Amino acid sequence: MTTNAVRRPETAHLGRAVSQPGEEMPVSTVNTPRVAELVRELLIAVGEDPQREGLLDTPTRVASWWRTFLSPDPSAMATRFTETHASDQLVVVGGLKVWSLCEHHLLPMQLDAHVGYLANGTVLGLSKFGRIAQRYAGRLQVQERFTRQLAEEVATAIAGPDVAVTVHGVHLCMSMRGVRMEGARTSTVHAAGRFRTDPLLSQQFLTLTTTAGGGGAV
Ligand SMILES: [Zn+2]
């Protein structure tokens, strides 16, 4: 029998932790002084005076933000727990809200993710979901790829294929440029394993993500 559970990351208190190597992390190659130099040039190119008081420290501030944004969190490795009572249980974790940067326009997007998976003796440390999401958000992204990467990382961590992820995104490139649609949201779904082949399971997941799993909208 399949049972459902909606859990928040903070409620983790399960079983025995087993170390789980995450995907190899990209090494940050941000050349901070060069970025600051380029921001200064950008200010000049858009008709500003980088010497005026309000802009004096802007290049170094912006460069420092880029370095922080693009540096992966070393603690983002997924922790796996053994939980012998968890058999074929649908676990849905919602409320994973992260900021990323659209690679087409270099403008922020807020991504609200829900992750579902079937626990078969292995349960992910719930507090790690947010960090995994944060790590894939901390780079130039598109929402579709973020959704897939999150699903694949969870599948690796649980050592099984039964994972589904939905993401609802608000993109500033849609809100403040182009069509300027303030309320526009983009939704993406990645379903694998039994979430792809079992319509009932898929429906249960989608229902949980739009009700108890964090609201389903930003
Ligand atoms: Zn964009």
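Helix α4 (residues 143-158) has 16 residues, which at 1.5 Å a residue should span 22 Å, and its end C-alpha atoms are 23 Å apart, in agreement. The expected span is 1.5 Å times one less than the number of residues. Helices (H or I, at least four residues) and strands (E, at least two) are DSSP runs, numbered from the N terminus. This is a predicted model: local features need pLDDT of at least 70, side-chain atom pairs count only at pLDDT 80 or more, and totals for chains, interfaces and linings use all residues. Residues are numbered from 1 along each chain as its sequence is written.

**Helix α4**
- Among the buried residues of α4 are Phe146, Leu150, Val154 and Ile158 (buried: 20 or more other C-beta atoms within 10 Å of the residue's own, C-beta atoms being placed from the backbone).
- Ala159 follows α4 and has a positive phi, near 55°.

**Nonpolar core**
- The largest nonpolar core has 37 residues, and Val115, Ala133, Leu150 and Val154 have the most contacts inside it (core: buried Ala, Val, Leu, Ile, Met, Phe, Trp, Tyr and Cys residues joined through C-beta atoms within 7 Å).
- β4 gives the largest share of this core, nine residues.
- Beyond its neighbours within four places in sequence, Leu150 is in contact with residues including Val115, Ala133 and Val165 (contact: C-beta atoms, placed from the backbone, within 7 Å).

**Strand β6**
- Eight of the nine residues of β6 are buried, so β6 is largely enclosed by the rest of the structure.
- β4 and β6 pair in the antiparallel sense over nine bridges (pairing: at least two bridges found by DSSP), and Val115 stands opposite Val165 in β6.
- β6 also pairs with strand β7 (residues 186-191), in the antiparallel sense over six bridges; Val167 stands opposite Thr188 in β7.

Notes:
Buried ≥ 20, exposed ≤ 12 C-beta atoms within 10 Å, placed from the backbone. Contact = placed C-beta atoms within 7 Å.
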